[in-house]
Amino acid sequence: MKRVTTVLAAALAATVGVANAADTVTVVSWGGAYTKSQIEAYHKPWIARTGNFIVSEDYNGGLAEIKAQVEAGNVKWDVVDVELSDAIRGCDEGLLEEFDISTFPAGTDGTAAADDFLEGTVYDCAVANIVWSTIYAYDSTKLSNAPSTIADFFDVEKFPGKRGIRKNPKANLEMALMADGVPAGEVYDVLETEEGVERAFAKLDSIKDSVVWWEAGAQPPQLLADGEVVMTTAYNGRIFNAVASEKKPFEIVWDGQVWDLDLFVIPKGAPNKEAAMDFVKFSTGTEPLAAQASWISYGPVRKSSSSLVGSFHDQPDLKMDVHMPTAPNNMKNALQNNFEFWADNQDQLNEQFNAWLAQ
Amino acid sequence: MAQTAAGAIDDKLLKKRLDKALFRNRSRAFFLVVPLLLFLLVAFVGPIVYFLTRAFIDDTFSSLMPETTAILADWDSTTEPTEEMYAVLVADMVVARENKTIGKVATRVNRDKPGTRSLFTSTARKAAKLEAPFKESLIGVKKKWGDIEVWQAMKTASAKYTLGYYAAALDLKKNSDGSFERQDEKRRIHITLLTRTLKISFLVTIFCLALGYPIAYLLATLPAKTSNLLLILVLLPFWTSILVRTTAWIAMLQSQGVVNDLLVYFGITNDDSRFSLIYNQLGTLIAMTHILLPFMVLPLYSVMKGIPPSYVRAAKSLGATNWTAFWRVYAPQTVPGIGAGAILVFIVAIGYYITPALVGGQDGTMISNTIDDHMRKSLNWNLAAALGGVLMVVVMTLYWIYDRVVGIDNMKLG
Amino acid sequence: MSENPLVRFKNVQKSYDGKTLVVKDLNLDVERGEFLTMLGPSGSGKTTCLMMLAGFEPATHGEIYLDSQPINNVPPHKRGIGMVFQNYALFPHMTVAENLAFPLEVRKMSASESQDRVKRAMDMVQLGGFGNRRPSQLSGGQQQRVAVARALVFDPDLVLMDEPLGALDKNLREQMQYEIKHIHENLGVTVVYVTHDQSEALTMSNRIAVFNDGVIQQLAPPDALYERPENAFVAQFIGENNKLRGTVTELEGDYCVVKTKTGAAVYARAVNVGRIGDESTLSLRPERVLIDPDPSTVQNLFEARVLELIYLGDHIRTRIELLGRDDFIVKVPNSANHALMREGDVVTVGWLQEDCRALDA
């Protein structure tokens, strides 16, 4: 899928007269409401500022395409929005360009970039832009009493009906353990042991017959809307947008959320490396990050952005701050996805997960 | 006698002349297909062979950690690793860290011993600052370095040629003594998937035959005007993307979908107990049968079109009932079409991937979905290659059996 | 016509499209043991009649009787009629012996009797020892014989043959004509045979039904058909024929006088003419025209000019210009005492009133 945000750019280039100098940067992201928010908050202002073009492409995550492009010496993508574990792994395998955080713009309040970014959001080859979260949501019109804890998701006695779950062990094993009573802080310690993994699978097993598996981020709101499931795990932004834009009667349960980062990376040998670098620096600035938060409920990673987060772009009454994964009320029982654990155990757990599915 | 001898010489001469005359024709024919041959070689045979070799050639570790590889070759896998081995390992890690290749090494070893990835990447960051004695300082960084299993995993990974991937593809694991045994039950997946793939492909073939045969018969016997219209209806799905067709099935079969709505409307089931028609094996079977149906109908149609109606008429005039005439006379003549259609559907089905990925749910996905997973997500291309190799061997074996039983000549595509 | 024919078509009509009739009001009896040929150009309705008899096409109207029983509602496999198809329709996936055994097998005949019959049938068509071959391993003539044997092996009373020799070359065709004729004579089976080849029909048949335009034009034994055609179509379709057009000026009993456009009066036998003043076509076989006849023996005598001579061994085919037509053919026997002619010669030709038939216009 390709979208070319060139109409505006062309018009602008014509007026400003920089058509000759214009670069065309290919930015790859996850599609849907998320890409839409990036186009509004990052692409359009950057195009307006530089007169460059942006080709926006969608993908479904993973390092495979980047690896293939880099190894073939035929890199087509300039900027890619990736998950943390992929960013780390890509960096370790030399697939990504490195960033120098000191060259990034300071916050609007004057804080240097290195200090302005939240801890654990800046890496050698990747700079985060948002905090997102895997939560679970339900259709309030379908359930008579509202679930409130992560344990409720796994309780098909109390809340009968189908569950939507991502067809991937990541976040599911963590949620299963939390539902089984493991405190958030101990989840990964438990998962390191074989018994812990068994325990997580046993918990998943208890609802296996009621599960509808999803793979793309756009599926869960659809499953809920179609009545295919009564509750489903989902990315919080997708559910928020279904509620805000389409007035769906969905409710998010933040208890037991597993939050993660999305980061920008530049594949090694990107064709427009300079322009790509400029785009990343611009996009992770205080204002664009804050602007994005008015399009989707993913949290900005700069401290200086927090105070600028306002309300949903076309609904002034809809304050965004309480819908962020990082809002204090939502963080009461929350877990950060441990990229190192997943980098170590992904292959093995995937295998075990698939074998469990096939049983 | 003399005459026969002279005749023999003449024969030889004649043969020579004939060969000479034919040679020109042959070489001209050969040159005509040279571009195609080259194209196939470069774009088809080459990549496949190259990719299949990845299943048993893996020089990631040996090329990126050359000194360690050399010293591991002399190690017997059982004695405690020596200080020298630790020193060489640290030296290699420093270089790998500088070259940004440590991630590849870590990924490689992690396949043989899960949980070692971060061991390598985090240690490598500090490797340059480590000092002798390296054994102690390494164990000081991470206790795991004292674990002999890590070293055994490195030794396994350092082999350039390995059967490990094929073993993994067959749900076997390699013991430290080099023998293979079956994988732990909870990690056995590939054999299950392979048998499921074969089963689904077989069922899809049967369903396609059951549905396609009457359609093809109708097409072949109706007047040309009607049958052309019907043929377009059969071909129509060919012009629609598989994705769209599969998605349409989702809309049809999901529990709030058209089919279930109708069943509820007619009181066949009630609203709370709608049928699960999709996101399971049934969904895969339905959608794949629909999508692959033209592959069955077309060869059948072309074979049936070539059977003159006089055969069945002759059978009837000889006293056969409609049923006997069909089974004894008509059906046997359609065997080449059945053979072609069945093998076409079966082989396409065995490698099918988009449809099961979308509607397969937990028990309707196939081996190709796993291959795709290893290609795109786990990036374990070697294992993907091994799985592809296994799949290819299975298909070729089945093809060979088919040739033995039915005969490949007994197949007609049109 | 006997009281108990094997096959009777009674007022049978057939239309495929509901608009035009391919077979118009057909009435025909086929006697037991008879070899009856349906002869006609393509599209004349002959094959349709055969298919209705076999049961593959329903009659639109009328009734067909087999052995006095109406069979309109009897399915083909219960009619017990053997059939030989144009392309033989030998089952390609069976051997010759299996093909022959097929009708016996579906009749649940015992294996030993079936084998016995198959062997006899193969011997009958001189194909003993070919039992294990596939049809595709046989020549066209051999396949034809198998097809005939298969249609006869279950002893049907009636065998239908739909242009069975059409695909063979000329020599083989003639040989097969005799073979089929002999089989028919030896077995005494009733045969209904469809062909568009008139010499084939003349060679083999007891009676020939000449079809045209969905109607039987004439039903007669071969000699009668040739010697005494009852209308212009039959005269023209069967054998070679000279046509002369004219108007009836005299009509008395079986004889008449027809005046051609050139004004000449031709004495003819009145076969199919209405009344005086009607148009008529005169039919005259080429071999009945005499060159320089004794004037006292013939009623018709005219002058003609020789246009073309073709030497054919036993006779000389002579084209002459006569009574305003330049396509008039005379077969002159190659006898020693006959006068030699040359192109351009003017000669006298004549014929008997008896030999010249006045037919419909």
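In what order do the four strands of the open sheet with antiparallel pairing in chain C stand? In this predicted model, the order is 2-1-4-5. Strand 2 (23–30) and strand 5 (69–70) of chain C lie at the edges. Each of these two has a single partner strand, so one side of each is left without a neighbour in the sheet. Strand 1 (residues 7–14) of chain C runs antiparallel to strand 2 of chain C, and five bridges join the two. Within this pair, Arg8(C) stands opposite Asp29(C) of strand 2. Helix 1 (residues 46–54) of chain C packs on the sheet. Helix 1 of chain C touches strand 1, strand 2 and strand 4 (61–66) of chain C. The direction of this helix makes about 120° with that of strand 1 of chain C.

Chain C also holds an open sheet of six strands. Here the order is 6-7-8-3-9-10, and the pairing is mixed. Strand 6 (81–84) and strand 10 (215–220) of chain C form the edges. Each has a single partner strand, so one side of each lacks a neighbour in the sheet. From one strand to the next, the twist averages 20°. Strand 9 (residues 207–212) of chain C and strand 10 of chain C run antiparallel and are joined by five bridges. Ala209(C) has Leu219(C), in strand 10 of chain C, as its bridge partner. Helix 4 (residues 140–152) of chain C packs on this sheet, touching strand 6 and strand 7 (158–162) of chain C. Its direction makes about 175° with that of strand 6 of chain C.

Chain C meets chain B through 19 residues, which are in contact with 15 residues of chain B. Strand 6 and helix 2 (96–106) of chain C each supply at least two residues of the side that touches chain B. The residues on that side of chain C divide into 13 nonpolar, four polar and two charged.

In chain A, helix 4 (residues 84–92) packs against helix 15 (residues 339–358). The angle between them is about 70°, and their axes are 9 Å apart. That angle makes helix 4 of chain A roughly perpendicular to helix 15 of chain A. The crossing of the two helices is right-handed. Helix 4 of chain A contributes Leu84(A), Ser85(A), Ile88(A) and Arg89(A) to the contact. Helix 15 of chain A contributes Phe339(A), Trp342(A) and Ala343(A). These contact residues divide into five nonpolar, one polar and one charged.

Helix 4 of chain A is largely enclosed by the rest of the structure, because nine of its nine residues are buried. Among them are Asp86(A), Gly90(A) and Cys91(A). The cover over the buried residues includes helix 3 (64–72), strand 4 (79–83), strand 9 (250–265) and helix 15 of chain A. Helix 5 (102–112) and helix 6 (117–127) of chain B also form part of this cover. Just after helix 4 of chain A, Gly94(A) takes a positive phi of about 70°.

Arg89(A) lies in helix 4 of chain A. This residue is buried, with 26 other C-beta atoms within 10 Å. Leaving aside residues up to four places away in sequence, Arg89(A) touches Leu63(A), Ala343(A) and Gly103(B). Arg89(A) and Phe339(A) are 250 residues apart in sequence. In space, the two are 9.4 Å apart, C-alpha to C-alpha.

Technical notes:
Residues numbered from 1 in each chain as written. Chains lettered and ligands numbered in written order. Predicted model: local features only at pLDDT ≥ 70, side-chain atom pairs only at ≥ 80, totals over all residues. Axes fitted to C-alpha atoms, helices over the stretch in contact; angles between N-to-C directions. Parallel < 35°, antiparallel > 145°, perpendicular 65-115°, else oblique. Left-handed = near helix turned anticlockwise from the far one by under 90°. Contact = placed C-beta atoms within 7 Å. Nonpolar A, V, L, I, M, F, W, Y, C, P; charged D, E, K, R; others polar. Pairing = 2+ DSSP bridges. Buried ≥ 20, exposed ≤ 12 C-beta atoms within 10 Å, placed from the backbone.
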